[in-house]
Amino acid sequence: MAALLEIEGLSKNYGGIKASDNVNLVIEQGELHAVIGPNGAGKTTLVAQLSGLERPDAGHVRFRGRDITRMPPWRRAHAGIARSFQITSLIMEMSVIDNIALAVQARQGHSFRFLRDARRIPELREAAMGYLAQVGLADRAEAETAALSHGEHRLMEIAIALASEAPLLLLDEPMAGLGPEESAQLVEFLKGLKGKRTILLIEHDMDAVFALADRISVLVYGHVIATGTPAEIRANDHVRHAYLGEED
Ligand SMILES: Nc1ncnc2c1ncn2[C@@H]1O[C@H](COP(=O)(O)OP(=O)(O)OP(=O)(O)O)[C@@H](O)[C@H]1O
């Protein structure tokens, strides 16, 4: 497998806190790679440096072989890194399909943008319907976004990330706030997405992580203490002591 994203010696300090401590990580093309770790381990800080919201103090990030360490967020999005935000980016008073149609329009750039209302362009609506169907929300297309549940909003955010057609998806705690049924639905959806996109998943739900990940990296105090398959991570004594053991 070829590396899609390479993180080398990434370090970020906040005052005396090493939020990222010489992080080395390779995300292979097509894999679902989960990053786990206790609260405050530096997972969000890592994603922020990958999406460009935070600048590392040291180290490099390469995407498709190109150094993107100093690239602003909008250019990274354009280069093919989509982040599903913990903070919602949905327009609540619009219909579900209109939200997704806008995302499709944004990706298509100048061909349609500003010229016509995305909501009235059949091609955009059709494409939007396709993404909604993928996340299981086709039957909610005409509903007002505000009327949907929290879980359905999360699925909409993922549909928006899919609509960008970015090869790399950064999913930051997609299961947060979901009920057991919604979580199970999202796990099934992500299983279906595996292999089609490369996914970096930050998630506290260990059942979901171990069910989904091809590889898992464990972050403790800003440092990657182990990377391996779910079976390797489960069997790793160091990980069990530093992290998984805490949950017993
Ligand atoms: N903007 C900031 N200013 C100061 N300290 C920060 C800032 N952002 C993060 N930190 C600190 O850096 C460390 C890593 O935080 P981060 O939010 O990345 O961890 P996390 O693994 O995402 O935690 P959680 O699982 O609770 O979301 C923590 O000690 C946190 O308090």
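Which loop holds E173? E173 sits in the loop that runs between β7 (168-172) and α6. The model shown in these views is predicted: local features need pLDDT of at least 70, side-chain atom pairs count only at pLDDT 80 or more, and totals for chains, interfaces and linings use all residues. Residue numbers start from 1 along each chain as its sequence is written. Helices (H or I, at least four residues) and strands (E, at least two) are DSSP runs, numbered from the N terminus.

**View 1**
E173 is not a glycine, yet its phi is positive, about 50°. E173 is partly exposed, with 18 other C-beta atoms within 10 Å. Here a residue is buried if 20 or more other C-beta atoms lie within 10 Å of its own, exposed if 12 or fewer, and partly exposed in between, with C-beta atoms placed from the backbone. R64 is not a glycine either, and its positive phi is about 50°. The loop between β4 and β5 (66-67) contains R64. R64 has 16 other C-beta atoms within 10 Å and is therefore partly exposed.

**View 2. The shell around the ligand.**
The residues around the ligand are Y14, I17, A19, G37, N39, G40, A41, G42, K43, T44 and T45. The largest share, three residues, comes from α1. By class, the shell holds four nonpolar, six polar and one charged residues. In this scheme Ala, Val, Leu, Ile, Met, Phe, Trp, Tyr, Cys and Pro count as nonpolar, Asp, Glu, Lys and Arg as charged, and the others, Gly among them, as polar.

**View 3. Helix α1 and G52.**
Seven of the nine residues of α1 are buried, so α1 is largely enclosed by the rest of the structure. Those buried residues are K43, T45, L46, V47, A48, Q49 and L50. Just after α1, G52 takes a positive phi of about 95°. G52 belongs to the loop between α1 and β4 (58-63). With 20 other C-beta atoms within 10 Å, G52 is buried. Leaving aside residues up to four places away in sequence, G52 touches M71, P72, P73 and R76. Contact means that the C-beta atoms of two residues, placed from the backbone, lie within 7 Å. From C-alpha to C-alpha, G52 and S164 are 17 Å apart in space, and they are 112 residues apart in sequence.

**View 4. Helix α6 and its two sides.**
Helix α6 (residues 180-193) has 14 residues, which at 1.5 Å a residue should span 20 Å; its end C-alpha atoms are 20 Å apart, in agreement. The expected span is 1.5 Å times one less than the number of residues in the helix. S183, L186, V187 and L190 are buried in α6. Seen down the axis of α6, the buried residues fall within an arc of 105°, so they line one face of the helix. The arc is that of the directions from the helix axis to the C-beta atoms. α5 (150-163) and α7 (206-212) are among the elements that cover the buried residues of α6. The face turned away from the buried side carries the exposed residues E181, K191 and G192.

**View 5. The residues after α6.**
α6 is followed by G195, whose phi is positive, near 90°. K196 is found in the loop between α6 and β8 (198-202). K196 is exposed, with 11 other C-beta atoms within 10 Å. K196 and L168 are 28 residues apart in sequence and 10.0 Å apart in space, C-alpha to C-alpha.

**View 6. The contact between the domains.**
The protein is divided into domain 1 (1-80 + 167-248) and domain 2 (91-165), with bounds from an automatic or database domain assignment. Their C-alpha centres lie 27 Å apart. The contact takes ten residues from domain 1 and nine residues from domain 2. On the side of domain 1 that touches domain 2, the largest share, four residues, comes from α6. That side of domain 1 has six nonpolar, three polar and one charged residues.

**View 7. Helix α3.**
The 13 residues of helix α3 (residues 96-108) should span 18 Å at 1.5 Å a residue, and the end C-alpha atoms are 19 Å apart, which agrees. The buried residues of α3 include V96, I97, D98, N99, I100, A101, A103, V104 and Q105. Their cover includes α4 (122-134) and α5.

Note on methods. Near = placed C-beta within 6 Å.
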